[in-house]
Each structure stands twice: as C-alpha cells, then as structure tokens.
Amino acid sequence: MTEATIPLVNPASLLTLFGAQDQHIRVIRDALSVEITHRNGRIHVAGPAEAVTQATAALEKLKTLAERRGAVDHEQVSEILALVTGSESQTPSKAIDVVASGKRVQPRTPGQNAYVKAIRDHDLVFAIGPAGTGKTYLAVALAVEAFKSQSIRKIVLVRPAVEAGESLGYLPGDLHAKINPYLRPLLDALYEMMDYDQIQQYMERDAIEVVPLAYMRGRTLNEAFIILDEAQNTTVAQMKMFLTRMGNGSKIVVAGDKTQVDLPPHTRSGLNDALGRLKNIEGFKAVHLSKDDIVRHRLVQDIVRAYEDGPKRHR
C-alpha cells in the first residue's frame with residue numbers, strides 16, 4: 001500500500017476539482033482502484049503504487065485545470081485519465097448531439113458512459129439500475145439525436161400501466177387522462193430536449209408516440225427508436241410481446257430497476273426473465289448501473305444506500 005498527498009493551493013477550487021457529489025473523484029477512484037480523501041486542505045491518495053502514481057498525476061492536472069478555468073467537466077476527467085494511464089478505456093463516448101436546459105446532454109459517470117456506448121453499438125440494450133442513474137433520460141437523448149439525424153423515422157416511448165395496484169380502467173377521465181400519469185416521466189424527458197410545439201406536431205404525424213405497453217400488441221416497428229421504461233413491471237409474456245415488435249432498422253432500449261417491482265405477488269418480472277434468456281444473443285447488451293451513477297440530488301445516493309442496507313428494527 002502506497003500513499004501520496006497533494007496540497008491544495010486554492011481551497012476554493014476543491015468543489016470544482018471533486019465535482020458535484022464527488023463525481024470526478026469517483027471516476028478516478030473507480031478507474032484506478034484507489035482511495036481518495038480530503039483532510040485539512042490536502043488530498044490523500046492510497047492504493048497500489050502504480051495506481052497512486054497515476055491518480056496523483058491525474059489530480060495534479062485536474063487541480064491545475066480547475067484553478068486556471070474555474071470549471072472541470074466529466075469529459076475532461078476522462079481525457080486526463082486516458083492520458084495518465086495510456087489507455088483509451090476511459091475515453092468518453094461520442095457526445096450526444098442534444099441540448100437540454102441550455103447544456104449539451106452527456107454521460108457524467110463511467111457507468112453512464114458505458115451505457116451510451118452500448119446503445120450506440122447494439123440494437124437491443126437493457127439498462128438495470130436504481131432511480132436517478134439516467135437510464136431513461138440518456139436513452140431519450142439518444143433517440144432524439146437519432147431522430148434529428150434522420151437515422152430513424154420514429155420515436156416510440158413505452159411504459160407499463162402498473163402502479164400501486166391500480167389499472168387504467170379505474171382511473172377517472174378519458175384515455176389521455178388515464179394514461180398521462182404513467183407516461184409523464186417519458187414526456188418530461190422529451191420536453192427538455194425538444195420544443196413543445198414541435199413535439200406536438202410530430203405526435204400528430206405519429207413520428208413520436210408515447211404509449212402504454214398494452215398498445216404495442218400486434219405492431220411491427222421499422223426504423224424506430226423504441227424505449228421501454230419501468231420494465232421491471234412487465235410480465236414475461238408482455239416482455240416477449242414487446243421485444244418482438246422490433247422491425248428492420250430499429251433499436252430497442254429497455255430500462256428498469258429490479259428493486260421497485262409493482263407486479264402482483266408471485267408474478268415473475270419480465271425484466272429478470274429476459275436478462276437470463278437473452279444473455280447469449282448477438283446484438284444484445286445488458287448494462288448494470290449502480291448508486292455511484294446517480295446524478296440527481298446528492299441525497300438520492302444516500303436514500304438508495306439506506307434501502308440497500310435492508311430494513312431497520314423500530315420499536
């Protein structure tokens with residue numbers, strides 16, 4: 001075990017250097033298997049000798065960048081890592097050509113980077129991970145990018161209408177009012193990346209569809225980017241039905257969280273079943289995201305960790 005210490009000349013640059021929720025440090029730590037801590041204005045690195053040398057070199061370069069520019073992004077962290085390790089494994093995937101809230105959408109963690117690469121390289125991708133890891137958001141961004149570049153002709157966003165024991169028939173209102181609560185998360189992501197009026201025009205032309213899973217039966221979708229959200233709430237039969245909708249020139253992304261299944265007791269999740277069935281199929285890729293890939297409010301990571309630790313006894 002080797003240790004190294006890096007003094008911080010400008011303590012104000014610490015947040016910039018570490019990144020929101022320590023994202024930059026996590027990238028270096030996970031890539032090089034080192035421990036990185038901060039105490040009394042110094043950064044301490046511990047681990048195997050070669051890894052500590054590489055991590056220290058990366059941190060020195062990032063410190064210089066933070067002090068000079070006042071900002072460091074995920075892509076710069078990945079580029080510096082690739083430089084100090086002499087490896088391309090940390091090179092970020094091609095930037096997503098989509099802007100949301102005035103900023104270009106891009107993967108912000110190694111897991112997200114692997115996810116984006118998987119979608120670009122495979123026609124069928126499963127993303128499994130906790131809330132806040134960007135499973136749906138990044139898939140929608142890549143769908144919008146493909147649509148704008150005309151590499152696909154249609155975006156189809158799908159969600160099972162399963163929630164807390166309710167069904168569409170019991171909800172008030174017409175069909176649109178019934179399905180809107182289930183499809184809202186997909187629409188929210190879409191509205192961040194495209195103009196509202198433009199989306200409405202595409203929907204009127206059926207170039208963009210946001211539909212409940214049940215409405216996919218009997219269809220074949222060619223040259224489409226199809227995203228199934230909340231896939232843990234599909235049955236085995238529903239998952240088979242959905243996956244066989246894929247037509248020529250299409251791409252399917254299936255996103256789900258195995259810890260949030262709302263199916264009736266003793267009903268097998270189609271997500272879990274498909275992961276076992278499809279693992280040896282060429283063109284299929286499963287990406288497992290973790291709590292380290294969560295990019296929502298910093299508390300979300302702690303919340304996920306608290307639930308992963310199991311129930312606590314209360315009197």
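These notes go through the sheets and helix contacts of a predicted model.

1. The six-stranded sheet. Six strands make up an open sheet, and their order is β8-β7-β9-β10-β6-β11. The pairing in this sheet is parallel. At its edges stand β8, residues 208-212, and β11, residues 284-288, each of which pairs on one side only. From one strand to the next, the twist averages 15°.

2. Strand β6 covers residues 124-128 and strand β10 covers residues 251-256. The two pair in the parallel sense, over five bridges. To find the pairing by eye, look for Ala127, which stands opposite Ala255 in β10.

3. A helix on the sheet. Helix α5, made of residues 110-121, packs on this sheet. The strands touched by α5 are β6, β9 (224-228), β10 and β11. Between the direction of α5 and that of β11 the angle is about 165°.

4. Helices α5 and α6. Helix α6 consists of residues 135-148. The axes of α5 and α6 come within 11 Å of each other and cross at roughly 40°. The crossing is right-handed.

5. Residues between α5 and α6. Which residues of α5 meet α6? They are Gln112, Tyr115, Val116, Ile119 and Arg120. Sorted by class, the contact of α5 with α6 has six nonpolar residues, one polar residue and three charged residues.

6. The ends of α8. Helix α8 spans residues 196-204. At its start, a side-chain oxygen of Asp195 comes to within 3.1 Å of the backbone nitrogen of Asp197. After α8 comes Asp206, which has a positive phi, near 65°.

7. The three-stranded sheet. A further open sheet has three strands in the order β1-β3-β2, with antiparallel pairing. β1 (2-7) and β2 (35-39) are at the edges with a single partner strand each, so one side of each has no neighbour in the sheet. On average, neighbouring strands of this sheet are turned by 20° against each other, direction ignored.

8. Strand β3 runs over residues 42-47. β1 pairs with β3 in the antiparallel sense, and the pair has six bridges. Here Ala4 stands opposite Val45 in β3.

9. Helices α9 and α10. At what angle do the axes of α9 and α10 cross? The angle is roughly 60°, and the axes come within 8 Å. Helix α9 is formed by residues 236-243 and helix α10 by residues 270-278. The two helices are therefore oblique to each other. Their crossing is right-handed.

10. Residues between α9 and α10. From α9, the residues in this contact are Val236, Met239 and Leu243. They meet Gly270, Leu271, Asp273, Ala274, Arg277 and Leu278 in α10. By class, the contact of α9 with α10 comprises six nonpolar, one polar and two charged residues.

Notes. Residues numbered from 1 in each chain as written. Predicted model: local features only at pLDDT ≥ 70, side-chain atom pairs only at ≥ 80, totals over all residues. Heavy atoms only, no water. Pairing = 2+ DSSP bridges. Helix = DSSP H or I, 4+ residues; strand = E, 2+ residues; numbered from the N terminus. Axes fitted to C-alpha atoms, helices over the stretch in contact; angles between N-to-C directions. Contact = heavy atoms within 4.5 Å. Left-handed = near helix turned anticlockwise from the far one by under 90°. Nonpolar A, V, L, I, M, F, W, Y, C, P; charged D, E, K, R; others polar. Polar contact = N/O pair within 3.5 Å; in protein donor to acceptor, adjacent residues only side chain to side chain. Parallel < 35°, antiparallel > 145°, perpendicular 65-115°, else oblique.
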